[in-house]
Amino acid sequence: MIQVAVLGYGTVGSGVVEVIETNKADINKKAGEELNVKYILDLRDFPGDPYEEKVVHDYNVILNDPEVAIICETMGGLKPAYDFTRQALLAGKSVCTSNKELVANHGPELIQIAKDHHCNYLFEASVGGGIPIIRPLNYSLTAEKIDGITGILNGTTNYILTKMDKEGADFAEVLKEAQDKGYAERNPEADVEGYDACRKIAILSSLMCGKNVKYEDIYTEGITKISSADFKYAKQMNKSVKLLAMSRDTEDGFFAMVAPFMISKEHPLYSVSDVFNAVYVHGNMLGDSMYYGRGAGKLPTASAVVSDVVDCARHQGKTIMCFWDMENVKVADIADAKRKFFVRVNAGQREAAMEAFGSLAEVNVGFAEEFAFMTQVLSEKEFNEKIEKAGGCINRIRIMA
Ligand code: HSE
């Protein structure tokens with residue numbers, strides 16, 4: 001029997017216990033041995049909970065129990081998750097996590113400790129909730145040189161943008177709904193400002209490069225400036241607005257960015273709605289492939305954590321290869337990244353905008369007080385210079401090619 005401990009009995013942690021219990025027979029068969037949740041670590045007590053007897057408040061009980069071989073870290077945040085994970089790996093206990101913040105901050109170091117101590121640090125649940133994406137990048141696409149990843153990586157913002165698009169719903173009201181459904185982070189800023197997606201694309205990009213992509217180096221813009229008017233224009237152009245996280249490994253350097261984009265109906269990511277996430281990966285031999293599923297929520301995320309537990313059970317005493325070195329990747333300045341932009345200015349700026357941008361395509365939805373248009377392909381630097389000349393804008397959204 002393999003003894004498992006769960007750190008944090010919140011949304012994902014309670015999901016892990018539920019998944020292991022519900023699918024016990026299948027999971028044990030696939031793990032090759034019976035799994036048992038021996039401890040649940042939480043500061044709180046859970047009177048009446050069927051697993052209340054397993055709850056402990058002192059991490060040392062878990063750390064010092066030689067029977068515990070696998071730990072599920074579903075606490076989130078850096079403290080005390082970092083120390084707990086490090087101590088577990090140093091003791092030769094494998095750790096499976098949903099904690100993207102910790103993986104993005106300390107991934108390569110924790111992977112190395114696991115390697116040195118013949119155990120595993122696995123993080124399938126840290127990106128894309130229940131979607132298998134870490135495993136495909138690590139084990140399946142090993143014949144590829146992956147040069148592009150574009151993802152819808154945050155369930156909460158995708159849920160909000162979908163409702164704004166389909167129902168004309170109000171931002172704050174939809175955010176509340178997403179929080180009630182257990183999709184959102186404790187601090188909603190992490191979702192709506194794009195920080196969560198930024199950590200996730202940093203993790204995927206690191207696996208793509210085999211080196212460390214620091215999330216602090218990734219330009220990040222959230223969805224708080226997106227309004228119902230933007231969706232009206234998007235519809236007129238047969239497009240929608242999505243928060244995209246992307247990275248490109250090009251001859252001119254490595255580019256990465258998180259920002260809202262206008263995306264056309266023909267693009268496979270256009271129809272990724274609600275809490276669903278998708279990761280669109282380009283490899284030099286395979287071409288495009290896409291990984292799709294529920295990107296947030298209790299059971300989908302827990303399912304990914306438990307899939308890692310099964311992997312650990314199958315590889316006891318061995319470390320599963322993961323190429324993510326500590327060396328930092330140089331992330332290129334986005335000033336040189338080129339694309340078209342959708343722009344809204346006040347009606348009085350029409351002439352100034354036409355003069356600054358030269359060739360542009362007007363988009364008219366009948367808002368008399370505004371002048372809206374799509375630019376030609378411009379670098380970020382060129383766009384910023386021109387919009388400044390035109391006297392600023394109400395909003396501007398990048399257009400996905
Ligand atoms: N808040 C995150 C999201 C949870 O909405 O995608 C899953 O990482």
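**Loops and backbone**

Me: Where is P80 found?

Reply: P80 is found in the loop between strand 4 and helix 4 (81-90). Helices (H or I, at least four residues) and strands (E, at least two) are DSSP runs, numbered from the N terminus. This is a predicted model in which local features need pLDDT of at least 70 and side-chain atom pairs pLDDT 80 or more, while totals for chains, interfaces and linings use all residues. Residues are numbered from 1 along each chain as its sequence is written, and side-chain values use heavy atoms, without hydrogens and water.

Me: And the peptide bond from K79 to P80, is it cis or trans?

Reply: The bond from K79 to P80 is cis, and its omega is near 0°.

Me: What about H118, is its phi positive or negative?

Reply: H118 has a positive phi of about 55°, although this residue is not a glycine. Its place is the loop between helix 5 and strand 6.

Me: Changing topic: what is the order of the strands in the open sheet?

Reply: The open sheet has 6 strands in the order 3-2-1-4-5-6, and the pairing is parallel. Two strands pair if DSSP finds at least two bridges between them.

Me: Which are the edge strands?

Reply: Strand 3 (55-56) and strand 6 (121-122) are at the edges, as each of them pairs on one side only.

Me: How many bridges are there between strand 4 and strand 5?

Reply: Strand 4 (residues 68-73) and strand 5 (residues 94-97) are joined in the parallel sense over 4 bridges. Within this part of the sheet, E73 stands opposite T97 in strand 5.

Me: Which domains does the chain have?

Reply: The assignment gives domain 1 (2-126 + 298-314), domain 2 (136-294) and domain 3 (334-399). These bounds come from an automatic or database domain assignment.

Me: How many Å apart are the C-alpha centres of domain 1 and domain 2?

Reply: The C-alpha centres of domain 1 and domain 2 are 27 Å apart. Where the two domains meet, 14 residues of domain 1 are in contact (heavy atoms within 4.5 Å) with 13 residues of domain 2.

Me: Now the pockets: what volume does the largest pocket have?

Reply: Its volume is about 1,200 Å³. Among the 49 residues that line the largest pocket, T74, M75, G76, E185 and R186 are the closest to its centre. On a 1 Å grid over the protein atoms alone, a pocket is an open set of points with protein on both sides within 12 Å along at least five of seven lines, a cavity is a set where a 1.4 Å probe fits but cannot get out, and lining residues have an atom within 4 Å of a point. Points are joined across faces, edges and corners, and a volume is the space filled by probe spheres set on them.

Me: Why does the largest pocket lie between domain 1 and domain 2?

Reply: The largest pocket lies between them because both domain 1 and domain 2 give residues to its lining.

Me: Which helix gives the most to that lining?

Reply: Helix 10 gives the most to the lining of the largest pocket, with 4 residues. Several helices each supply at least two residues, including helix 1 (11-22), helix 5 (100-116) and helix 10 (195-209). By class, the lining has 15 nonpolar, 22 polar and 12 charged residues. Ala, Val, Leu, Ile, Met, Phe, Trp, Tyr, Cys and Pro count as nonpolar, Asp, Glu, Lys and Arg as charged, and the others, Gly among them, as polar.

Me: How much space lies in the second largest pocket?

Reply: The second largest pocket holds about 340 Å³ of space. It is lined by 17 residues, and M246, R248, K338, R339 and A401 are the closest to its centre. Strand 10 supplies the largest share of this lining, 4 residues. The lining divides into 11 nonpolar, 1 polar and 5 charged residues. The second largest pocket lies between domain 2 and domain 3, because both give residues to its lining.

Me: How many cavities of 30 Å³ or more are there?

Reply: A search of the whole structure finds 1 cavity of that volume, and about 140 Å³ of space lies in the largest cavity. Of its 17 lining residues, Y121, L122, F123, N138 and Y139 lie nearest the centre. Helix 6 gives the most to the lining of the largest cavity, with 4 residues.
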